[in-house]
Amino acid sequence: MAKTYVAVDIGASSGRLMLAKLADNKLVMKEVHRFKNGFVHAKGHDRWNIDKLIEEILIGLVKIKKAGYQEVVLGIDTWAVDYVLVDKQGNKLQDPISYRDTRTQGSIERLTTDLSKEYIYQKTGIQFLDFNTLYQLFEEDKELLAKTAKIMMIPDYIGYALTGKAVTEVTNASTTQMLSLREGLFDDHLLEKVNVKQEQFPKLVEAGTVLGEIRPELAEKYDLPKTEVITVATHDTASAVIGAPGIGQRWAYLSSGTWSLIGTELNTPENGQEAFKQNYTNEWGAYGTYRFLKNIMGLWIIQNIKHELEDQYSFAELAALAEKEAPFQQLIDVNDERFQNPSNMIKEIQDYCQETQQKVPQTPGELAMAVYSNLSLYYANELAILDHILGYRIDSLNIVGGGSNVGLMNQLTATIGNVNVYAGPSEATAIGNIMVQMITKGDILNVYLARRIIAKSFAIKEFRPEPNKYPQILQRYQSFLEKNKK
């Protein structure tokens with residue numbers, strides 16, 4: 001009898017439990033529980049309600065048992081870099097602070113006054129983002145750190161709360177910018193700079209490690225199905241990359257959600273001078289791989305616009321309105337820090353265009369097209385940079401996540417980047433989560449066969465470049481970025 005698997009997939013704005021099985025060598029999935037997520041300002045900082053997330057997982061498992069499933073396997077993935085401080089009794093010391101909190105503004109400059117960026121990059125291979133765990137811990141309350149027995153990344157803490165077993169899974173740990181690229185351990189010199197020690201992190205484990213069953217008291221209290229928890233690739237991007245179909249000889253991926261992560265899968269890290277200059281990262285992937293990628297602001301911008309328009313338009317409706325507008329009416333550096341957490345995204349975009357003496361988008365369609373067309377430009381530019389660093393040409397781009405549904409953006413990316421685009425599946429993160437569970441339990445042999453199953457199980461749309469369309473637009477955009485950097 002086929003095993004039943006559950007992916008717990010939690011992003012910055014929502015979470016869900018997805019039920020999955022293999023049937024006729026295809027993956028069959030359905031959503032069984034969805035819930036909202038988001039940080040709130042409390043005790044001086046933007047914080048996550050981690051207890052509520054755990055409660056929602058338990059509610060989802062109750063639904064699964066009521067649907068007739070007595071035994072399941074479960075994996076958890078979430079966003080990266082944020083953490084929970086836990087005392088000697090195993091209790092959290094505070095609700096975790098969000099990476100979008102302002103406490104780390106300027107932290108990179110402060111920490112690197114006597115420790116060069118080049119040194120840190122050679123050690124870790126991780127890009128410089130002011131919300132990396134390294135800078136969060138640098139700004140952390142020193143009294144709290146002194147009381148801290150364990151520092152757990154968000155998905156590791158959730159796994160601990162469910163099972164009582166504490167681990168540090170490497171795909172998420174690597175995003176801290178404290179993991180040594182060569183030694184595979186936390187770097188003592190970097191830990192010392194932020195007043196923490198190796199022993200404050202639970203043991204490092206690879207994706208696919210069996211964590212154990214849910215604690216008996218929880219199972220009894222909620223009347224849960226028998227649930228075995230597997231530590232999957234707990235960073236949602238790592239799971240999304242596993243969930244990509246991998247179409248093409250030299251393929252890249254674009255995990256397109258709240259963040260856009262564009263890059264390729266490598267067997268050895270690339271932390272040379274050009275990668276450092278372009279701020280590319282070598283996050284650890286599952287099964288001995290590295291996710292060589294760049295963080296881009298992503299659909300966070302359109303999510304904010306939708307909300308500020310009082311949610312009167314769906315994402316599909318905004319994309320349809322955008323298609324009625326001409327692209328590239330303004331050039332925008334979508335990765336500018338001003339778009340990370342503004343009080344009003346629409347005003348921020350309009351101010352940016354005004355300051356750069358460009359057409360100011362006014363209508364919902366104009367705003368949406370400004371975002372989608374400039375995201376496409378940014379993706380195409382990063383593909384060119386990726387080609388340059390790697391020394392070979394990427395021949396296809398696998399777009400997964402929610403952005404794979406935006407046909408307008410996919411086509412613009414294919415045309416401007418002169419690359420074949422394969423869009424889908426949109427649920428790649430949950431799929432990758434499930435695939436690691438299935439490989440661990442022996443239902444699938446390896447990740448290569450997992451990707452073949454993914455390609456057969458889900459509709460993948462192809463977008464080919466349109467020749468001679470939008471001539472010189474990428475060069476104009478590259479010049480614009482260079483000018484505005486200066």
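Let's start at Thr163, which sits in helix 6 (residues 154–163); helices here are DSSP runs of H or I with at least four residues, strands are runs of E with at least two, and both are numbered from the N terminus. This is a predicted model, where local features need pLDDT of at least 70, side-chain atom pairs count only at pLDDT 80 or more, and totals for chains, interfaces and linings use all residues. Residues are numbered from 1 along each chain as its sequence is written, and side-chain values use heavy atoms, with hydrogens and water left out.

Thr163 counts as buried because its relative accessibility is 7%. Buried means under 20% relative accessible area, exposed means over 50%, and partly exposed is in between (1.4 Å probe, protein chains only). The side chain of Thr163 reaches the backbone oxygen of Gly159 at 2.8 Å. Neighbours within four places in sequence aside, Thr163 is in contact (heavy atoms within 4.5 Å) with Leu211, Gly212, Glu213, Ile214, Arg215 and Val229.

Ala219, in helix 9 (residues 216–222), has 25% relative accessibility, so it counts as partly exposed. Setting aside neighbours within four places in sequence, Ala219 is in contact with Ile214 and Leu224. Ala219 and Leu61 are 158 residues apart in sequence, yet their C-alpha atoms are 9.7 Å apart in space.

Two strands pair if DSSP finds at least two bridges between them. Axes are lines fitted to C-alpha atoms, for helices over the stretch in contact, and angles run from 0 to 180 degrees between N-to-C directions.

| Strand pair | Bridges | Residues standing opposite |
|---|---|---|
| Strand 2 (residues 14–23) and strand 3 | Ten | Gly15 and Phe35 |
| Strand 15 (residues 281–284) and strand 16 (residues 290–296) | Four | Trp284 and Tyr290 |

Strand 15 is covered on both faces: Thr281 and Glu283 on one side, and Asn282 and Trp284 on the other, are all buried. The hairpin of strand 15 and strand 16 has five residues between the strands, and Tyr287 takes a positive phi near 60° there.

A nonpolar core is a set of buried Ala, Val, Leu, Ile, Met, Phe, Trp, Tyr and Cys residues joined through side-chain atoms within 4.5 Å. The largest one has 142 residues, and Ile305, Ile349 and Tyr372 have the most contacts inside it. Helix 15 (residues 364–390) gives the most to this core, with 16 residues. A second, separate core of 26 residues includes Ala7, Ala238, Ala450 and Ile454.

What does Tyr372 touch, leaving aside its neighbours within four places in sequence? Its contacts are Leu299, Ile302, Phe315, Ala319, Ala322, Val406, Leu408 and Met409.

Finally, the axes of helix 12 (residues 300–308) and helix 14 (residues 345–355) come within 8 Å and cross at roughly 115°. Trp300, Ile301, Asn304, Ile305 and Glu308 in helix 12 meet Met345, Ile346 and Ile349 in helix 14.

Definitions and conventions:
A polar contact is a pair of N or O atoms within 3.5 Å; within protein, one must be able to donate a hydrogen and the other to accept it, and residues adjacent in sequence count only if both atoms are side-chain atoms.
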